[in-house]
Amino acid sequence: MPVFSNLAGFWALLGLPLLVAVHCLQQRSRSEVVSTLFLLEALAPESRGGRTWDWWRTSRAFWLQVLAVLLATWVLTGPRWVRGESAQTVVLVLDSAVSLTAFRDDAVKAAEAKIAASAGRAARTEWVLLTSDPRQPPLYRGPERTAALAALEAWRPRLGTHDYEPALRLARSLVGAAGETWFITDSLVKVPPDQAAVSVGRPIANVGFAGATVVKDGEGWGWKVLVKNHTDAPQRREWWFEQAGARSAAQPVILDAGALVELGGRFPDGAAEGMLVLEPDAFTADDRLPMMRPRPKELTAGIALEGEDGRFFQKLLAGVDGVRVVGTGTSAALRVARLGADETPAPGAAILLPRSVPETAERRLQTAPVVAERNALVADLNWQGLLGPGAAGLRRGPGDEPLLWQADAPLVWLRPGETAARQLVLNFDWAAGNASRLPATVLLLRRFVETVRAGQPGFYADNFDAGACVPLAARDLAEAAGKITITFTPADGGEETTRVASPADLAVLRAPGEAGFFTVNRGETGLVRGAAQFADARQGDFRRAETFDSGRGPEARAAWERATRPDPLTSVWLVLLGGLLLASWWPAGKQGGRAP
Amino acid sequence: MTAAPAEILDARRAGLVAAQRYRLPFGRQNWRGQPGGWQGAGIGSSIDFQDHRAYAPGDDPRYIHWSAYARTGQLTMKLYRAEVSPMVDVIADVSGSMTFTSAKVSRLESLLAFCVESADRSGAPVRVHAVNGRQVKMVPVEAVRAGDWRGRIAVTPGPGAAPGALPWRAGAMKIFISDLLYPGDPSGVLAAMAAGGGLSMVLAPALASEAAAPARGNVELVDCESGLKRRQRIDAALAERYREAYARHFALWIEAARRRGVAVARLACEGALVDVLGGEARTSGMVEVNT
């Protein structure tokens, strides 16, 4: 089968209807009124179409000109023949952004069209279907075109805004010099320069949820939700709250062009979860917002400090959700205690302070700047206001990770261990400085407590962005190899699914990629109950979505030309074409005139 | 197409001229009808002896053959031939094919004038009808004589079908003026003419141009009666087949007419009527020379 290098050459086929029209006009030039039509009908009783065909059939010039048009079309389309030894790799990169859910069918059709167009351009073709999701394996890789088409059904775009370059770079490396890559997306802004792409997007009047917070106040649990109008025109929508099969009355919300509106409400009494629903539009991923009333893990804390310091830590720990301060006599998961210079701390999570320096001791204000290490506990905190006598006498052990330095002495460090058993050592005189009044210190302590709390085994409930990490205690994971199941109920009312978490899942457990409720269980024990929420409002903005086909790049064309050879008879066809045109205008034999 | 009034007048004048030289064939057979000047088929009061028969009560005693009674003693009646005026029925085909060229219109006009004038000259009562397919309209003879009969009848265009039942009178001289250009079996028309005795004749105006195919090459043919259109490529072979079909069409009419005792004469539309009547019509006895 030939392949055509210039599809525009098929426009030459328009010469056929033109030819027919010209001959029809000639044919209609004579009309006669007769009285013996019944005799002719008896002689030539075939249908009118048949008589017309008889006219066409006997017109030599017409058929010669038809042949000339077909020959001209053949030559203009530039037919090429595939070399027997040629091979190509065709890679299709499918955009995994969740915005593609609105155009998924169109994108699949575009991919099928590209596969069909690329088929036959080389003797052997390797098909590779990738998604731009770096965590997903290829949808298909192999020589079977039908299998590649079938694999398109498995494509589920779920990601938020992400970098497409790694997937495209991988595609280009797979293709090499023989083949082509296609990026199937919905907007030109996502396409790197010189990348062959097909876009199937179009502007959609989308209004969707852009974020949510669930907060506890004096009256109970409430929620605040942002609704974004992603269009350049005012929009009106209705919204309602669904909980346990019941639905509240629909309320209207009117949004100006591009406006962001906050909705607020309270969880019904006793309700642990619910769904906020916006009147659906063409992009449904951001029209349903599942929400969960957060329930943190429990953490017991014992404070072995006296006086002002004790009251400070009491107040600080009581302000962290899930933390319960118990007496020092009981076994608390987190201890707040003092440590002597020569003492070895007991194992377990702890916040350790140096023993108090006697009031009589000489104290000098340290003026050296406090420098923070690169660590999440101290990230973005301002320590310039910390005043005090500097480092105390506690000694850092091997493996301890400093967090703060003043001069050449560490002020704060972390003792290594599993998350639930880490120790934070505050190596400065707490009472002699302004640490208890410095926001950075309070935040550091709070972050540490929350980290320890998160490392505790047990159940918790929370709201997550779709695809976000779901923290699990290391102890829960260690005890549950092969027993952890994830149950997901889509927000759009789809069927509930349950699957066993693979080792890859457990390496970094993530919330589902689409909105809905999910549960992580270890056997019969619940570990996490969560609400996965549509997270990336940018994906709901379709104002720059468009439809286009960039066409093949110059490299792909060069590779195709290497895999094919031109029609060797082109010059013969050209000569024949000239001959046909001359013959069609040659006098028509006995009639002595030119053919019609 | 309609002919100009001057052409109609000329055609009518040609018919009258022809009637001065020729007449309808009244002398060809015995007639029935009103008393007149032509030999009748029945017993009458002319001077031409016909037969004898025995007297029957009620017979006119003026016709008793007294000489025979004297010889035989039996009352015998002398019978004489009747003299009648034959009835003439003229039916003119006014379908589209008879009127779409001025030549045919003129020939129809001249033939109609000839027939009426000839009948008038012979004292024969004449009745004229116009027919177009299934439509038959009575035409006042005075209108024919005045030359404005076309304005007195209203005939709508027909589909070009064969004529329906025609109002022929039994024993009359039946004259059908038609080009016979319609499809179908001629037997129906001819059987109706032949029924009831009398003399039946078909005067068929013929255009020389109709005998050949309409054109050569690719043409759109429009039927003059129904308006139907037909695109046809006419090549030499089809033209030859057309010529043969045209000849066969009239051969069928003539053969069917011969079987029914109906005389058919095809009269060319070209040339003077008096000359045309002197041809086939004269030789086939459809007109007689006035004496």
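Which residues line the second largest cavity?

Author: This is a predicted model, and what follows should be read with that in mind. The lining of the second largest cavity consists of Ala87(A), Gln88(A), Arg121(A), Ala122(A), Ala178(A), Gly179(A), Glu180(A), Arg552(A), Ala556(A), Ala559(A), Trp560(A) and Ala563(A). Three elements of chain A give two or more residues each to this lining: β4 (87-94), β7 (179-185) and α12 (554-563). Of these, α12(A) has the largest share, with 4 residues. By type, the lining of the second largest cavity divides into 7 nonpolar, 2 polar and 3 charged residues. Its volume is about 60 Å³.

The structure holds 3 cavities of 30 Å³ or more. The largest cavity has a volume of about 80 Å³. Around the largest cavity stand Leu386(A), Leu387(A), Gly388(A), Pro389(A), Gly390(A), Gln406(A), Leu411(A), Phe428(A), Asp429(A), Gly433(A) and Ala435(A). Sorted by type, the lining of the largest cavity has 6 nonpolar, 4 polar and 1 charged residues.

Strand β22(A) covers residues 401-406, and strand β23(A) covers residues 409-415. The two run antiparallel and are joined by 5 bridges.

Another part of chain A is an open sheet of 3 strands, ordered β1-β3-β31, with antiparallel pairing. Its edge strands are β1 (2-4) and β31 (564-566), each of which pairs on one side only. From one strand to the next, the twist averages 40°. Strand β3(A), residues 79-82, is joined to β31(A) by 3 bridges. Opposite Arg565(A) of β31(A) stands Trp81(A).

Next come the pockets. The largest pocket has a volume of about 1500 Å³. Its lining counts 46 residues, and those nearest its centre are Arg158(A), Ala511(A), Pro512(A), Gly513(A) and Glu514(A). At least two lining residues come from each of β26 (484-490), β27 (497-500) and α11 (503-507) of chain A. The whole lining of the largest pocket divides into 23 nonpolar, 11 polar and 12 charged residues.

Helix α1(B), residues 5-21, and helix α8(B), residues 273-283, pack at an angle of about 45°, with their axes 8 Å apart. Because of that angle, α1(B) is oblique to α8(B). On the α1(B) side, the contact is made by Ala14(B), Gly15(B), Ala18(B) and Arg21(B), and on the α8(B) side by Leu273(B), Val274(B) and Leu277(B). These contact residues divide into 5 nonpolar, 1 polar and 1 charged.

Terms used
Residues numbered from 1 in each chain as written. Chains lettered and ligands numbered in written order. Predicted model: local features only at pLDDT ≥ 70, side-chain atom pairs only at ≥ 80, totals over all residues. Heavy atoms only, no water. Pairing = 2+ DSSP bridges. Axes fitted to C-alpha atoms, helices over the stretch in contact; angles between N-to-C directions. Parallel < 35°, antiparallel > 145°, perpendicular 65-115°, else oblique. Contact = heavy atoms within 4.5 Å. Nonpolar A, V, L, I, M, F, W, Y, C, P; charged D, E, K, R; others polar. 1 Å grid on protein atoms, 1.4 Å probe; cavity = no way out; pocket = protein on both sides within 12 Å on 5 of 7 lines; lining within 4 Å. Points joined across faces, edges and corners; volume = space filled by probe spheres on them.
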